[in-house]
Amino acid sequence: RVGQLSFPRDDNAGPGEKRYSDSTAEAMDDEARAIVDEAYQRTVDLMTEKKAQVEMVANLLLEKETITHDDLVDLIGARPFQGDSAYQEYVSGRGPMKK
(Lines give C-alpha, C1' and ligand atoms only; values in the text may rest on other atoms or scores of the structure.)
Protein backbone atom coordinates (compact mmCIF):
# COMPACT_ATOMS: atom_id res chain seq x y z
CA ARG A 1 0.00 0.00 0.00
CA VAL A 2 2.75 2.45 0.88
CA GLY A 3 5.42 1.28 -1.55
CA GLN A 4 9.04 2.25 -1.35
CA LEU A 5 9.48 5.61 0.32
CA SER A 6 12.44 7.67 1.32
CA PHE A 7 12.31 10.49 3.81
CA PRO A 8 15.78 12.06 3.92
CA ARG A 9 16.87 13.43 7.23
CA ASP A 10 16.44 17.18 7.66
CA ASP A 11 19.38 18.55 9.65
CA ASN A 12 17.34 21.66 10.50
CA ALA A 13 14.41 19.72 11.95
CA GLY A 14 13.91 19.64 15.67
CA PRO A 15 13.64 16.47 17.73
CA GLY A 16 10.47 14.55 17.00
CA GLU A 17 9.75 16.40 13.75
CA LYS A 18 9.00 14.21 10.76
CA ARG A 19 8.88 14.91 7.06
CA TYR A 20 5.58 13.15 6.44
CA SER A 21 1.97 13.54 7.48
CA ASP A 22 0.17 11.72 10.26
CA SER A 23 -1.82 9.78 7.67
CA THR A 24 1.42 8.64 6.01
CA ALA A 25 2.79 7.64 9.41
CA GLU A 26 -0.39 5.66 10.08
CA ALA A 27 -0.14 3.95 6.68
CA MET A 28 3.51 3.01 7.39
CA ASP A 29 2.54 1.65 10.82
CA ASP A 30 -0.31 -0.38 9.29
CA GLU A 31 2.02 -1.79 6.64
CA ALA A 32 4.70 -2.69 9.20
CA ARG A 33 2.07 -4.31 11.43
CA ALA A 34 0.76 -6.37 8.50
CA ILE A 35 4.28 -7.57 7.66
CA VAL A 36 4.97 -8.56 11.27
CA ASP A 37 1.57 -10.26 11.65
CA GLU A 38 2.12 -12.27 8.46
CA ALA A 39 5.62 -13.33 9.53
CA TYR A 40 4.31 -14.31 12.97
CA GLN A 41 1.53 -16.44 11.46
CA ARG A 42 3.95 -18.11 9.04
CA THR A 43 6.21 -18.93 12.00
CA VAL A 44 3.34 -20.38 14.07
CA ASP A 45 2.14 -22.43 11.08
CA LEU A 46 5.64 -23.76 10.39
CA MET A 47 6.24 -24.68 14.02
CA THR A 48 2.86 -26.41 14.17
CA GLU A 49 3.55 -28.30 10.95
CA LYS A 50 7.03 -29.30 12.14
CA LYS A 51 6.09 -29.89 15.80
CA ALA A 52 7.73 -33.31 15.96
CA GLN A 53 11.03 -31.94 14.66
CA VAL A 54 10.85 -28.95 17.03
CA GLU A 55 10.38 -31.34 19.96
CA MET A 56 13.33 -33.45 18.79
CA VAL A 57 15.55 -30.38 18.66
CA ALA A 58 14.32 -29.22 22.08
CA ASN A 59 15.09 -32.61 23.61
CA LEU A 60 18.56 -32.64 22.06
CA LEU A 61 19.20 -29.15 23.46
CA LEU A 62 18.13 -30.33 26.92
CA GLU A 63 20.53 -33.25 26.58
CA LYS A 64 23.55 -31.46 25.06
CA GLU A 65 22.88 -27.73 25.73
CA THR A 66 24.90 -26.80 22.64
CA ILE A 67 24.25 -28.32 19.23
CA THR A 68 25.85 -27.86 15.85
CA HIS A 69 24.60 -27.74 12.29
CA ASP A 70 25.75 -31.34 11.86
CA ASP A 71 23.76 -32.38 14.94
CA LEU A 72 20.64 -30.91 13.31
CA VAL A 73 21.31 -32.68 10.02
CA ASP A 74 21.78 -35.97 11.86
CA LEU A 75 18.60 -35.42 13.87
CA ILE A 76 16.07 -34.08 11.37
CA GLY A 77 17.84 -34.31 8.01
CA ALA A 78 19.29 -31.84 5.56
CA ARG A 79 17.52 -28.67 4.54
CA PRO A 80 14.93 -29.13 1.80
CA PHE A 81 16.87 -26.70 -0.41
CA GLN A 82 20.47 -26.42 -1.49
CA GLY A 83 22.40 -23.74 0.38
CA ASP A 84 25.48 -21.83 -0.66
CA SER A 85 28.53 -24.12 -0.78
CA ALA A 86 30.69 -21.69 1.23
CA TYR A 87 28.02 -21.59 3.95
CA GLN A 88 27.76 -25.38 3.95
CA GLU A 89 31.52 -25.72 4.33
CA TYR A 90 31.55 -23.12 7.13
CA VAL A 91 28.77 -24.66 9.25
CA SER A 92 29.70 -28.29 8.74
CA GLY A 93 32.58 -29.92 10.51
CA ARG A 94 32.52 -32.63 7.85
CA GLY A 95 34.21 -30.58 5.14
CA PRO A 96 32.81 -29.72 1.71
CA MET A 97 29.39 -31.13 0.95
CA LYS A 98 29.27 -33.72 -1.79
CA LYS A 99 26.59 -33.45 -4.43
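These are my notebook entries on a predicted model of a protein.

**Ground rules**

I number residues from 1 along each chain as its sequence is written. The model is predicted, so local features need pLDDT of at least 70, side-chain atom pairs count only at pLDDT 80 or more, and totals for chains, interfaces and linings use all residues, while side-chain values use heavy atoms, with hydrogens and water left out.

**Entry 1: confidence**

I started with pLDDT, the predictor's confidence in each residue, from 0 to 100. The protein averages 84, and 84% of the residues score at least 70. Confidence is highest in α2, at a mean of 96, and lowest in α4, at 83.

**Entry 2: overall layout**

I counted four helices and zero strands, and the order from the N terminus is α-α-α-α. Helices here are DSSP runs of H or I with at least four residues, strands are E runs of at least two, and both are numbered from the N terminus.

Next I looked up burial. Buried means under 20% relative accessible area, exposed means over 50%, and partly exposed is in between (1.4 Å probe, protein chains only). Of the 99 residues, 10% count as buried. The accessible surface comes to about 8,600 Å², with 52% of that belonging to carbon and sulfur atoms; the areas come from the Shrake-Rupley method with a 1.4 Å probe, and for residues only the protein chains shown count as cover.

Residues 24 or more positions apart account for 17% of them.

**Entry 3: helix α1**

Ser 23 sits in α1, which covers residues 22-49. Its relative accessible area is 51%, so Ser 23 is exposed. The Ser 23 side chain makes a polar contact with the side chain of Ser 21 at 3.0 Å. A polar contact is a pair of N or O atoms within 3.5 Å; within protein, one must be able to donate a hydrogen and the other to accept it, and residues adjacent in sequence count only if both atoms are side-chain atoms.

**Entry 4: salt bridges**

How many salt bridges does a search of the whole structure find? It finds three. The cut-off is a side-chain nitrogen of Lys or Arg within 4 Å of a carboxyl oxygen of Asp or Glu.

- Asp 30 pairs with Arg 33, with the closest N and O atoms 3.1 Å apart. The two are three residues apart in α1, which means about one helical turn between them. Asp 30 is partly exposed at 28%, and Arg 33 is partly exposed at 47%.
- Glu 49 pairs with Lys 50 at 3.9 Å, N to O. Glu 49 is exposed at 59%, whereas Lys 50 is partly exposed at 35%.
- Lys 64 pairs with Asp 71 at 3.1 Å, N to O. Lys 64 is partly exposed at 39%, whereas Asp 71 is buried at 16%.

For the helical pair I also noted the general rule: an α-helix has 3.6 residues a turn, so residues three or four places apart point the same way.

I checked the length of α2. Its 14 residues should span 20 Å at 1.5 Å a residue, and the end C-alpha atoms are 20 Å apart, so the two agree. The expected span is 1.5 Å times one less than the number of residues.

Just after α2 comes Glu 65, with a positive phi of about 70°. Most residues other than glycine have a negative phi. Glu 65 lies in the loop between α2 and α3, and at 67% relative accessibility Glu 65 is exposed.

**Entry 5: helix α3 and Asp 71**

Which residues of α3 are buried? They are His 69, Asp 70 and Asp 71, in a helix that covers residues 69-76. Their cover includes α2 (51-64) and α4 (85-91).

I then followed Asp 71 in more detail. Besides the salt bridge to Lys 64, a polar atom of the Asp 71 side chain lies 2.9 Å from the backbone nitrogen of Thr 68. Setting aside neighbours within four places in sequence, Asp 71 is in contact with Leu 60, Lys 64 and Thr 66.

Last item: Gly 77 follows α3 and has a positive phi, near 100°.

Technical notes: Contact = heavy atoms within 4.5 Å.
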